[in-house]
Amino acid sequence: METKSENACFGGVQGVYTHASKSTNCDMTFGLFLPAEARDGPVPLLWYLSGLTCTHENAMTKAGAQGWAAEQGIALVFPDTSPRGEDVADDEAFDMGQGAGFYVNATQDPWASHFRMWDYVAEELPALLGDNFAVDLDRQSITGHSMGGHGALTLAMGLKGRFRSVSAFSPICHPTESDWGRKQLGGYLGDDTSKWAAHDATLLMRESGFDGPVLTDTGTEDQFSDLLNTADLFAAVAERRQQATLRLQPGYDHSYFFVSTFMEDHVSFHAEALYG
């Protein structure tokens with residue numbers, strides 16, 4: 001693992017690190033914020049999964065999360081959204097290929113050799129963090145934005161017992177019924193739609209739900225509302241009677257102005273679960 005940068009931040013340290021990944025067969029970069037409390041021992045860990053076209057850097061610099069995490073004594077990890085490199089498959093469209101991993105393990109060519117983001121986020125990166133930094137892997141929560149909101153919800157419901165809470169900003173809620181989903185799941189996983197269900201938050205909510213609290217925020221002026229299928233997740237939550245707070249925020253869109261506005265709420269929500 002190579003340290004790319006470390007900067008003092010709200011009494012703690014915001015670092016950026018690169019390492020060779022066995023999951024994705026390429027170098028991966030991630031950001032990690034450690035609050036001051038990490039100098040004295042392991043602290044709870046909150047994952048932030050970013051959306052389409054983003055790298056580790058977007059949320060790290062735009063979401064305003066570190067200040068709120070520092071107040072709560074929580075570490076933040078910002079993984080990249082896909083494998084990258086000259087030998088990594090890509091697509092001319094912004095919603096497929098590099099920057100658009102969708103947090104799945106691809107089984108189809110040309111994606112299968114590198115696009116194994118589920119394994120990277122679920123297994124490899126947590127192990128690396130636990131071995132090298134003062135983070136408590138017994139106290140983890142997860143959040144994300146857009147494609148990352150999709151990833152946060154599916155990982156939380158797919159990895160039973162891993163996360164104490166899950167939240168999402170304008171998540172892609174029902175990708176098997178969306179143009180932000182059918183194209184990518186078909187491309188990465190093949191035409192057998194039964195293999196897509198494990199990566200659809202609405203279907204997972206209907207089937208098993210989440211053993212803990214859920215929070216989502218979506219703007220009423222979100223320019224991608226037709227692709228998110230927010231109402232489908234709301235309906236699945238109601239059917240299951242899932243413990244959840246699902247909010248529509250008047251006037252807000254899909255941008256990081258929206259994310260940063262409600263970041264304090266989300267960090268506080270996770271702090272309650274992580275320290276409760």
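Me: How much space lies in the largest pocket of this structure?
Reply: The structure is a predicted model, in which local features need pLDDT of at least 70 and side-chain atom pairs count only at pLDDT 80 or more, while totals for chains, interfaces and linings use all residues. A pocket is an open set of points on a 1 Å grid over the protein atoms alone, where a 1.4 Å probe fits and protein lies on both sides within 12 Å along at least five of seven lines. Points are joined across faces, edges and corners, and a volume is the space filled by probe spheres set on the points. For the largest pocket, the space is about 200 Å³.

Me: Which residues that line the largest pocket are closest to its centre?
Reply: Residues are numbered from 1 along each chain as its sequence is written, and side-chain values use heavy atoms, with hydrogens and water left out. A lining residue has an atom within 4 Å of a grid point. The lining has 13 residues, and the closest to the centre are Leu52, Thr53, His145, Phe224 and His254.

Me: Is glutamine 66 buried or exposed?
Reply: Glutamine 66 is found in helix 2; helices are DSSP runs of H or I with at least four residues, strands are runs of E with at least two, and both are numbered from the N terminus. Buried means under 20% relative accessible area, exposed over 50%, and partly exposed in between (1.4 Å probe, protein chains only). Because its relative accessible area is 6%, glutamine 66 is buried.

Me: With which side chain does that of glutamine 66 form a polar contact of 2.9 Å?
Reply: Contact means heavy atoms within 4.5 Å, and the residues touched by glutamine 66 include Cys9, Phe33 and Gln14. A polar contact is a pair of N or O atoms within 3.5 Å; within protein, one must be able to donate a hydrogen and the other to accept it, and residues adjacent in sequence count only if both atoms are side-chain atoms. At 2.9 Å, the partner is glutamine 14.

Me: Which residues have the most contacts inside the largest nonpolar core?
Reply: A nonpolar core is a set of buried Ala, Val, Leu, Ile, Met, Phe, Trp, Tyr and Cys residues joined through side-chain atoms within 4.5 Å. The largest has 61 residues, and those with the most contacts inside it are Phe30, Leu129 and Tyr188.

Me: What is the distance between the side chains of asparagine 105 and aspartate 119?
Reply: Asparagine 105 is found in the loop between strand 5 and helix 3. At 16% relative accessibility, this residue counts as buried. Its side chain has a polar atom 3.4 Å from the backbone nitrogen of tryptophan 118. The polar contact with the side chain of aspartate 119 is at 2.9 Å.

Me: Which residue's backbone oxygen does the side chain of arginine 182 reach?
Reply: Arginine 182 is found in helix 5 and counts as partly exposed because its relative accessibility is 39%. Among the residues that arginine 182 touches are Pro175 and Trp196. At 2.7 Å, the side chain of arginine 182 reaches the backbone oxygen of threonine 176.

Key:
Lists of a residue's contacts leave out its neighbours within four places in sequence.
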